[in-house]
Structure formats: C-alpha cells, structure tokens
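Have the sequence and the model open as you read.

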Amino acid sequence: MADIYKQAFQNSFDGICVFNPQGKGLEINKAAQRITGFSAEEFIGETAKQALQKGYISKSITEIIIKTRKPVTEVISIRGIEVLATGNPVIDENGHLKYIILNVRDISELNNLKLDVLLSIALRRKNENLTSPISSNPATFIHSDDVISVSPKIKKVFQLAARIAKVDSSILILGDSGVGKEVVVKFIHENSSRATRPFIKINCSAIPRDLLESELFGYEKGAFTGANQQGKAGLFEVANGGTLFLDEIGDMPMDLQVKLLRVLQEFEIRRIGGTKDIKIDVRIVSATNKNLEELILKEAFREDLYYRLNIIPIHIPPLRERPEDIKQLAHLFLNRTNRKYGLERYFQPGLVELLHQYEWPGNIREMENMIERLVVTADQDEISWSSLPFIVDYPDLSEHYSLKATLEEIEKKIIMEKLQTYRTTRKLAQVLGISQSAVVKKIKKYGILYED
C-alpha cells in the first residue's frame with residue numbers, strides 16, 4: 001500500500017476494515033481498532049465467521065457480502081458496542097470478489113451529532129415556508145420474511161399470529177391503512193400447514209361490484225355476455241387448499257356478503273350460471289380499516305357475517321404507537337431500494353432520529369414510499385435530513401409550538417435517551433459538552449427520573 005494511501009487509511013475518522021474473499025481480516029485502521037476493541041494482531045488472519053462463532057459480533061456483514069456480492073448497511077454489536085456497519089464488495093474486471101471493505105461508526109458517536117441536527121430542524125420548522133404535498137401513491141408492503149417486530153406491541157401481534165397460524169379459524173385483521181395488514185396475513189399463511197398451497201389476495205374495494213362476484217365464485221360458459229367460452233374458476237377455487245385474503249372486507253356489497261356467509265357455513269361455492277355446488281378447503285382471512293360494528297348499525301354490513309369473520313381478531317397498531325420499529329423499518333427500506341436500483345445511498349447521521357418526530361399518518365406504506373423517493377431523487381449518496389418531505393413540506397407542524405417549546409422538547413428527549421446509555425450525569429455531561437451541574441439542573445427542570 002503506497003504511503004499516501006496508508007496514511008489516509010490509518011488517519012480516517014471512520015473505522016475501516018479490509019477482508020479477503022474468504023472473509024479473513026487483512027487490514028484494520030486505528031479508528032476501527034478503537035471502535036471495535038480489536039487490535040491489529042487479533043484482527044489480521046481472523047475470519048468474520050470465527051468472530052461470529054466466538055460471540056464477538058452479533059452478525060457478520062462480511063459473510064452476507066460473500067454470499068450476495070452486494071453492499072450491506074446494518075446496525076450490529078461488536079463486543080457489546082453498537083456500531084453502524086457498511087460493507088462494500090470490491091469486484092475485479094473478471095467479476096470475481098477481490099476484497100470486502102467494511103466501514104464502522106460508533107452509534108454513540110453518531111448520537112453526539114443529534115443535538116445540533118435536531119436544533120437545526122427546529123429552526124427550519126419555525127422559519128421556512130414551503131408547501132408541497134407528500135405523495136400518497138401506494139407502495140408495496142414488505143414481505144413476511146422481512147417482518148420487523150421490535151416494539152412490544154407488534155411483537156404481541158406476531159406472537160398471536162404464530163399461534164393461530166396452526167389452526168384454520170377465520171381471522172379478522174384490523175388497523176389503519178398502511179399499517180402492514182398483508183404482512184401479517186402472509187406471515188400466518190407461511191407459518192401454517194397451508195404454506196405450500198396458494199396464497200390469493202383480492203381487494204374488495206378495488207373491483208367493481210358487478211365483477212367481484214365472478215372473480216370470487218367464477219362462472220360457467222355462457223353465463224353472461226362476454227363470458228369466457230370455457231368458463232372460469234373463481235378465486236375460491238384457485239385458493240383451494242390454501243389461504244384467501246379478503247382485503248377491505250368492509251366494502252363488500254350486501255348481496256355478496258350473503259354468499260360469503262354461505263361459504264363460511266357450508267364450505268362450498270357455486271359458479272355464476274352453474275347448477276352444482278363445489279366443495280372447497282380454504283382458510284379465509286379478512287382485513288379492514290373500517291369500524292364494522294358501526295357499519296352493522298348503519299345496516300351496511302351483516303352482523304352474522306361479522307361474527308363468522310371475527311372468530312380471531314388481530315389489531316395492528318399504527319406506526320406512531322410503535323416508534324421502536326421506525327429505525328429498523330427505515331434501514332430495511334433503504335437497503336431494499338439500494339438493492340433494487342443498484343445504489344449505495346446512506347442516511348446522514350441524525351436523520352433516522354428525526355423520523356421519530358413525525359406522526360406517520362400513512363403508516364408503513366408512507367415511510368416505504370418516502371424512503372424510495374429520497375433514495376432515487378438524491379443527487380449524492382448521503383441522504384440529508386433537509387430532504388425529508390415532512391420537514392420541507394409541512395412548516396405548519398410547528399404552528400402549535402413556540403420555538404422555545406420545540407427546542408426544550410428535543411433537549412428533554414436527547415437527555416432521556418443519553419441517560420439510558422451513559423447512566424451517570426458525569427458521563428452525560430462529557431458527551432453533551434456541558435458541566436455536570438448544568439446536566440443536573442436540566443434533569444430537574446424536565447422532571448426526569450434517574451439513579452446516578
């Protein structure tokens with residue numbers, strides 16, 4: 001390694017590790033030694049797989065890159081220290097993996113940048129006046145093998161889903177639009193005895209009512225003008241042996257509700273224009289963001305059907321009630337979009353923390369849509385907090401707060417978070433760059449409970 005590159009490598013603020021194609025350590029700079037606790041002697045010659053087996057690391061980014069040949073960014077634990085690790089493969093002209101470069105940054109060091117960033121955002125909210133609406137275009141949900149379940153509330157959802165996956169009782173999924181109802185349904189299907197059989201979804205609100213019946217039940221040849229001459233199997237038949245997901249069940253017409261009730265009672269259907277009943281073996285899972293009990297009172301939904309569908313209800317909380325999932329979801333969508341478009345975007349330090357300041361009325365769907373938009377429109381690899389649409393598009397978020405109140409709210413949040421990490425006011429004062437007495441005054445001011 002030439003001297004100039006060697007100096008740049010060793011004096012980089014970020015930790016840099018270099019591995020060979022088999023995952024064996026070749027080089028580690030001073031910053032990486034400081035962050036990870038590995039000396040050069042320990043690192044060189046050791047493989048990431050060995051470090052994982054010894055429990056030194058919680059996850060091997062290197063092993064993932066060896067298998068996928070794609071960049072990976074994740075938060076992992078190295079000897080008990082939480083770090084942001086970004087791995088990149090180096091491919092030679094023949095398409096062979098030559099090296100793996102791993103950058104590591106101490107999360108606690110990144111958090112030290114949070115105060116300045118958040119204070120800047122507070123000022124921006126107060127003073128800027130831009131009003132472009134957030135796009136409401138729908139986006140695809142994450143797949144069930146990408147389930148994020150960090151918060152206690154969503155963990156309970158998936159724990160219940162795992163238990164009931166083994167039985168065939170009807171399930172009603174409840175929750176706001178965009179919370180990830182399809183994710184839960186797919187999780188149930190994939191963990192059931194029907195996992196190898198069809199999973200069929202139909203959105204009851206997206207299909208015209210005169211076509212919905214033929215889509216569900218099928219039709220015989222010549223059943224109506226324009227019908228396929230060979231007839232057509234309905235989705236109940238297509239899903240036979242598997243799972244049929246009826247999304248937006250609250251929008252199903254009353255006449256079809258009667259026929260659905262018969263299916264649930266008799267487990268048989270009759271095609272339009274047909275004369276014989278067809279036995280089916282389908283698990284029905286339905287979902288809605290509407291209040292079906294209110295629809296029953298308005299005579300817009302059948303009460304007997306409601307009780308048939310609602311044998312096991314599952315309520316999915318909105319994203320604003322599960323903030324613990326925000327960071328993981330943000331990185332999931334960032335990594336997925338990077339892979340989709342062959343990009344290497346990453347979040348500016350402090351940006352993920354800002355996502356907690358937003359209410360997410362569109363839930364997970366809105367976040368996925370927003371992050372894809374940020375990734376594909378960014379003019380450089382680092383995605384800046386100033387690009388966040390809820391910051392630049394909605395200055396009225398700060399109308400209900402004075403600038404002083406906004407700053408105090410952010411300051412309190414930072415102090416509470418850092419107390420959990422550093423435990424003592426002395427360490428916290430060092431991190432924040434203020435005196436210990438000032439820290440104690442602020443803790444008393446905000447009524448924060450702690451043990452020093």
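On one side of the helix pair, Arg-209, Leu-212, Glu-213 and Phe-217 of α10 meet Asp-255, Leu-256, Lys-259, Leu-260 and Val-263 of α12, where contact means heavy atoms within 4.5 Å. By class, the residues of this α10 and α12 contact are 5 nonpolar, no polar and 4 charged.

A note on the source: this is a predicted model, in which local features need pLDDT of at least 70, side-chain atom pairs count only at pLDDT 80 or more, and totals for chains, interfaces and linings use all residues. Residues are numbered from 1 along each chain as its sequence is written, and side-chain values use heavy atoms, with hydrogens and water left out.

How do the two helices lie? Helix α10 (residues 209-217) and helix α12 (residues 254-266) pack at an angle of about 15°, their axes being 11 Å apart. The pair α10 and α12 is therefore roughly parallel (angles under 35 degrees). Their crossing is left-handed (the near helix is turned anticlockwise from the far one by less than a right angle).

Now to Thr-36, which sits in helix α2 (residues 30-36). Thr-36 is buried, with a relative accessible area of 6% (buried means under 20%, with a 1.4 Å probe and protein chains only). Leaving aside residues up to four places away in sequence, Thr-36 touches Ile-28, Ile-78, Arg-79 and Val-104.

Conventions:
Axes are lines fitted to C-alpha atoms, for helices over the stretch in contact, and angles run from 0 to 180 degrees between N-to-C directions. Helices (H or I, at least four residues) and strands (E, at least two) are DSSP runs, numbered from the N terminus. Angles under 35 degrees count as roughly parallel, over 145 as roughly antiparallel, 65 to 115 as roughly perpendicular and the rest as oblique. Ala, Val, Leu, Ile, Met, Phe, Trp, Tyr, Cys and Pro count as nonpolar, Asp, Glu, Lys and Arg as charged, and the others, Gly among them, as polar. Buried means under 20% relative accessible area, exposed over 50%, partly exposed in between (1.4 Å probe, protein chains only).
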